[in-house]
Amino acid sequence: MTHPLLLATSAAGATQETAFWVLAIGSAGAALGMILARKAVHCAVLLAVVMLALAVMYAMQGAPFLAFVQVIVYTGAVLMLFLFVLMIVGVTSADSVIETIKGQRLAAGVGGIGLLVLLSLIVGQAAIAPAAKAGPDFGSANIGGLADLIFTRYVFPFEVTSALLITAALGAMVLAHRERTSPRPTQRDLSIRRMTSGRPAPLPGPGTYARHNAVDMPALLPDGTHARLSVSPVMTIRGESAAAIAGQAEPVLAAGPGQPEVSPGGQPLPGGEAAGAWPEQEGAWPDQPDAWPEQPGTWPETADTWPGEGDWPEEDRW
Amino acid sequence: MVSPAHYVALAVILFVIGAVGVLVRRNAIVIFMCVELMLNAVNLAFVAFARMHGALDGQVIAFFVMVVAAAEVVVGLAILTSIYRTRRSASVDDANLLKY
């Protein structure tokens, strides 16, 4: 018995056609969006859309095993790995729009169209027959048929695959391993570092004395300016800090200790002569890490070896 | 009735989009995603051809492609993280020590 949904029967022809066009347009659109989206996370989500659409197409073509492997391995494992690495690497993962090679995009677009024409001609020339009459291999017996092939005709490639997987796992471990070149700082080291850093107190929390206490809302200093250290630098780099967003629309809160008054429309009150203060604060942001007291430049002499880049203790890296 | 030619045409389109993405994008992770898209497009063609011939060999090969792609992603992303650790950037423009 064959599964009616997974098999191209004539009764399911119209349904399959509708499904194909919906999935084809959806996946091609998502793929286009993937190369156009600026944020890498959006790319990953759109790639997930493409992969799920392809999984459904596999099922429609009588490959239920591949459909499930596609969902589990690609959408489940590979894409999650991508997202995982994006979260590690993520801060600056928005692509820049500056062309380093002049005319590269235009050339790539022309090359892409050329490749499309070439491949279309090849596929157009090839005689692609209509689907053969589907046997049970394309339905309920799909997994059994695949197992027969993998463990008989393709058993050697299958064994080689296992070697490849082991090598890849080992390689990933070796590449991702980080040798600690300096001794692990003890609690004593950390406390000495903290005391000599010039800021023994914790960083200010976001939202103190501000309009609300969301994490993207910088705290206000007594003179009404933003306390930059109160917002995570990650949010500022990504442009998600309320101060960074409102930097233009709302240059600075009207000066005056304890009265950061802003009219309900978000407009600064008239007489905000301190408006010039914010832009230079904003300009100070990119090299913010240098200004941070916790940087290695201010490490006390207790550390024998200077900590290398990427070898800071975890709490200093983010 | 959807013929294998339809699927192959879609595979061509997806492959070309992936190739353009590899050329245009500069974030190494996104480039990897575009490579994955190309591999997926080829898989779709394999499955379509398997359906056309009524034999499962195409599906077996698509399965092997998936395995190889998974291994490639693992190693590639490990390389990316180690590059990021030393250069603090995921842009392919910044990994230029072997240039010239």
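Colleague: At what angle do α2(A) and α3(A) pack?

Modeller: The axes of α2(A) and α3(A) are 8 Å apart. Axes here are lines fitted to C-alpha atoms, for helices over the stretch in contact, and angles run from 0 to 180 degrees between N-to-C directions. On that basis α2(A) and α3(A) pack at about 175°.

Colleague: What kind of model is this?

Modeller: Residues are numbered from 1 along each chain as its sequence is written, and chains are lettered from A and ligands numbered from 1 in the order in which they are written. With pLDDT of at least 70 needed for local features, pLDDT 80 or more for side-chain atom pairs, and all residues used in totals for chains, interfaces and linings, the model is predicted.

Colleague: Are α2(A) and α3(A) roughly parallel or roughly antiparallel to each other?

Modeller: Angles under 35 degrees count as roughly parallel, over 145 as roughly antiparallel, 65 to 115 as roughly perpendicular and the rest as oblique. The angle of about 175° therefore makes α2(A) and α3(A) roughly antiparallel.

Colleague: How many nonpolar residues does the contact of α2(A) with α3(A) have?

Modeller: Residues are in contact if their C-beta atoms, placed from the backbone, lie within 7 Å; among those that meet are A:Leu47 and A:Met51 in α2(A) and A:Tyr74 and A:Phe82 in α3(A). Nonpolar means Ala, Val, Leu, Ile, Met, Phe, Trp, Tyr, Cys and Pro, charged means Asp, Glu, Lys and Arg, and the others, Gly among them, are polar. The contact of α2(A) with α3(A) has no charged residues and two polar ones, and its nonpolar count is 20.

Colleague: Which element gives the most to the side of chain A that touches chain B?

Modeller: The contact takes 65 residues from chain B and 78 residues from chain A. Helices α1 to α6 of chain A each supply at least two residues of the side that touches chain B; helices (H or I, at least four residues) and strands (E, at least two) are DSSP runs, numbered from the N terminus. With 12 residues, the element that gives the most is α3(A).

Colleague: How far apart are the axes of α3(A) and α3 of chain B?

Modeller: α3(A) and α3(B), residues 57-87, pack at about 5°, which makes them roughly parallel. Their contact includes A:Val73 and A:Leu81 of α3(A) and B:Phe63 and B:Leu77 of α3(B), and its residues divide into 19 nonpolar, two polar and no charged. The axes are apart by 11 Å.

Colleague: Is B:Leu23 buried or partly exposed?

Modeller: B:Leu23 lies in α1(B), residues 4-24, a helix largely enclosed by the rest of the structure, since 15 of its 21 residues are buried. Buried takes 20 or more other C-beta atoms, placed from the backbone, within 10 Å of the residue's own, exposed 12 or fewer, and partly exposed lies in between. Leaving aside neighbours within four places in sequence, B:Leu23 is in contact with A:Ala108 and A:Gly111. With 18 C-beta neighbours inside 10 Å, B:Leu23 counts as partly exposed.

Notes:
Two residues are in contact if their C-beta atoms, placed from the backbone, lie within 7 Å.
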